[in-house]
Amino acid sequence: GQDMVDASKLLGVDIMTGHWDFTYGEARIKKIVDGDFAGKIDFLAQNVKTSDFGDAVFKPYVIKEMNGVRVAIIGQAFPYTPIANPGWLTPNWTFGIRESEMQETVNDARAKGAQAVVLLSHNGMDVDLKMASRVTGIDVILGGHTHDVPVPVIVKNPGGQTVVTNAGSNGKFLGVLDLDVKGKAVVGFKYRLLPVFSNLLAPDKDMAALIGKIREPYQAKLTEKLATTEGTLYRRGNFNGTFDQLILDALMDVRGADI
């Protein structure tokens, strides 16, 4: 938990939503979010509710002042978590897209004085595009899950338009968004993907030291030689690669799966 906070501080991460995080299980997530993250990182998810009374498990949104503009950031965790991941890890929580609640959340943020509304989403591009066509009042969706989408897609809806983006995966790009806000409306935007040339950039010494500290107890395991490959093992963004195939072959071998 604390190592994650330190890393996020060095990276400049203030706000996040959830996807693979949920495989830590409910108790661990709540301990990190309510403990380590408190007052430092906002973990947002408007679509995670308790399965008994339908109460919100996490904060749905925050309003931050940026350059004198009140910007609402809403969180949307991966909606298919209990299907794509083992359901026993989150037995007391329900997920889903929750489109009508999303509209209510946007309306609430606007009523509280938000001049711009940004959705931090792990829906995936197809779900985000459909949501953008039906929910009004979201200016931009900064999405994840689909990975490599080079240009923003502008979606018209009854309330105006929503800009839908996905900034790649594996730290390949940094999505840079500039909004031009006049009064209570976004009147223009600039969005670009900043490539992260990790092999050309000198590592940040503080971050390198933190990574070294975190890895240190596991160094022997991490450096153990398991096998030698003659071909290149790689993972592509959203299609299968040689490393994916290696993982799947291993899973089939160990678990005895047919497919």
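Reply: A salt bridge here is a side-chain nitrogen of Lys or Arg within 4 Å of a carboxyl oxygen of Asp or Glu. Keep in mind that this is a predicted model: local features need pLDDT of at least 70, side-chain atom pairs count only at pLDDT 80 or more, and totals for chains, interfaces and linings use all residues. Residues are numbered from 1 along each chain as its sequence is written, and side-chain values use heavy atoms, leaving out hydrogens and water.

Both partners sit in helix H2 (residues 26–36), four residues apart, so about one turn of the helix separates them. Helices (H or I, at least four residues) and strands (E, at least two) are DSSP runs, numbered from the N terminus. Lys30 has 26% relative accessibility, so it counts as partly exposed; that label covers what lies between buried (under 20% relative accessible area) and exposed (over 50%), using a 1.4 Å probe and protein chains only.

In helix H1 (residues 2–11), Val5, Ala7 and Ser8 are buried. Looking down the axis of H1, its buried residues fall within an arc of 165°, so they line one face of the helix. The arc is that of the directions from the helix axis to the C-beta atoms. What covers these buried residues includes H2 and helix H6 (205–215), with contact meaning heavy atoms within 4.5 Å. Just after H1, Gly12 takes a positive phi of about 85°.

Back to salt bridges: the count comes to 11. One of them joins Arg134 and Glu99, with the closest N and O atoms 2.8 Å apart. That pair links distant parts of the chain, Arg134 in helix H5 and Glu99 in helix H4, 35 residues apart. Arg134 is partly exposed at 47%, and Glu99 is partly exposed at 28%. Asp244 and Arg235 also meet, at 3.0 Å from N to O; here Asp244 is buried at 15%, while Arg235 is exposed at 57%. Asp42, Lys59 and Lys64 are linked in a network of salt bridges.

Now follow H5 inward. Its buried residues are Met125, Val127, Asp128, Met131 and Ala132. They cover an arc of only 155° around the axis, which puts them on the same side of H5. Asp126 and Lys130 are exposed on the other side. Among the elements covering the buried side of H5 are H4, strand S8 (140–143) and strand S10 (160–167).

The largest one has 18 residues, and Ile74, Met102, Val106, Val117, Leu119 and Ile138 touch the most other members. Strand S5 (69–76), helix H4 (99–111), strand S7 (116–121), helix H5 (125–134) and strand S9 (148–157) each supply at least two residues of this core. Leu119, for example, touches residues including Ile74, Met102, Met131 and Ile138, not counting those up to four places away in sequence. A second, separate core of 16 residues includes Met16, Ile41, Phe58 and Phe95.

How values were computed. Core = buried A, V, L, I, M, F, W, Y, C linked by side-chain atoms within 4.5 Å.
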